[in-house]
Amino acid sequence: MSTLTSVGVAAACCLTLASAARPAERQDGDAAVAAFLARLQGHWLGAGTILGQPAEVEMRWAPVLDGAFARLTWVSRIGPASTARRFEGHAYYGLRSPGTGRAVWVDSSGLTRPIVATVARTGDALVASWGTADTERGETTYHLESPDTVVVVDRVLRPDGTWREFGRTRLARAPAPR
């Protein structure tokens, strides 16, 4: 699997809400990020396309470690049901200290990526920028279309400075499993 493919799968399974929001259109501030993360809290199920293939996705956001962090758990099954590849990733966003918009992503392919998140000025999307100069860079955008519907878009920054979308899923809020 190429670096782009493995990172793409990682990002797709991680956080990828990449709308057209550019840095000038984003709100800064820990309070805005923490408030948006609270809106995402819960269990989500949906489907879409990741790396050009159909994908089924499960996403959960929950406070963990006595409320010090918000944890994202992303599980996707990419490809036709009979041959689907399972991918899982977790992100941990700090909630109790400055830097709430900072997180770390780890996934089942062994990748670790830093994340810096901001909220779009419109207040309806969280943009998680991931990677470093030494790794591939990308964005995941979580766009709340309604309190119970979120569209997650993953993009990667190409060497020529343009963005390529590699994942788009629509998820609906689901009852928490018992």
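In which sense do strand β8 (residues 125–130) and β9 pair, and over how many bridges? They pair in the antiparallel sense, over six bridges; two strands count as paired if DSSP finds at least two bridges between them. The model is predicted: local features need pLDDT of at least 70, side-chain atom pairs count only at pLDDT 80 or more, and totals for chains, interfaces and linings use all residues. Residues are numbered from 1 along each chain as its sequence is written, and side-chain values use heavy atoms, with hydrogens and water left out.

**Figure 1. The whole chain, with two helices and 11 strands.**
Helices (H or I, at least four residues) and strands (E, at least two) are DSSP runs, numbered from the N terminus. In sequence order the pattern reads α-β-α-β-β-β-β-β-β-β-β-β-β. Of the 178 residues in the chain, 46% are buried; buried means under 20% relative accessible area, exposed over 50%, and partly exposed in between (1.4 Å probe, protein chains only). The chain has an accessible surface of about 8,400 Å², and carbon and sulfur atoms account for 55% of that surface. Accessible areas come from the Shrake-Rupley method with a 1.4 Å probe; for residues, only the protein chains shown count as cover. Contact means heavy atoms within 4.5 Å. Taking contacts in the chain between residues at least 6 apart in sequence, 51% join residues at least 24 apart.

**Figure 2. Glu58 and the side chains of His43 and Arg60.**
Glu58 lies in strand β3 (residues 53–64). Its side chain makes a polar contact with the side chain of His43 at 2.8 Å. A polar contact is a pair of N or O atoms within 3.5 Å; within protein, one must be able to donate a hydrogen and the other to accept it, and residues adjacent in sequence count only if both atoms are side-chain atoms. The side chain of Glu58 also meets that of Arg60 in a salt bridge (2.7 Å, N to O). A salt bridge is a side-chain nitrogen of Lys or Arg within 4 Å of a carboxyl oxygen of Asp or Glu. Arg60 is partly exposed, at a relative accessible area of 31%. With neighbours within four places in sequence left aside, the contacts of Glu58 are His43, Trp44, Leu45, Thr73, Trp74 and Val75.

**Figure 3. Salt bridges of Arg170 with Glu145 and of Glu165 with Arg168.**
A search of the whole structure finds six salt bridges. Side chains of opposite charge can pair when their charged atoms come close. One of the bridges joins the side chains of Arg170 and Glu145 (2.1 Å, N to O). This pair links distant parts of the chain, with Arg170 in strand β11 (residues 163–174) and Glu145 in strand β9 (residues 138–146), 25 residues apart. Arg170 is partly exposed at 44% relative accessibility, and Glu145 is partly exposed at 42%. Another salt bridge brings together the side chains of Glu165 and Arg168 (2.8 Å, N to O). Glu165 has a relative accessible area of 39% and is partly exposed; Arg168, at 41%, is also partly exposed.

**Figure 4. Strand β6 (residues 102–107) and its alternating side chains.**
Ala103, Trp105 and Asp107 point to one face of β6 and are buried. Strand β5 (residues 85–94) runs antiparallel to β6, and five bridges join the two. Across this pairing, Tyr92 stands opposite Val104 in β6. β6 is also joined by five bridges to strand β7 (residues 112–120), again antiparallel. Here Val106 stands opposite Thr112 in β7. β6 and β7 form a hairpin with four residues between them, and Gly110 in the turn has a positive phi of about 90°.

**Figure 5. Strand β9 with its partners β8 and β10.**
The bridge partner of Gly138 in β10 is Val156. β9 and β10 form a hairpin with two residues between them.

**Figure 6. Thr132 in the loop between β8 and β9.**
Thr132 is partly exposed, at 28% relative accessibility. Not counting residues up to four places away in sequence, Thr132 touches Pro114 and Arg137. Thr132 and Pro114 are 18 residues apart along the chain, and 7.4 Å separates their C-alpha atoms.
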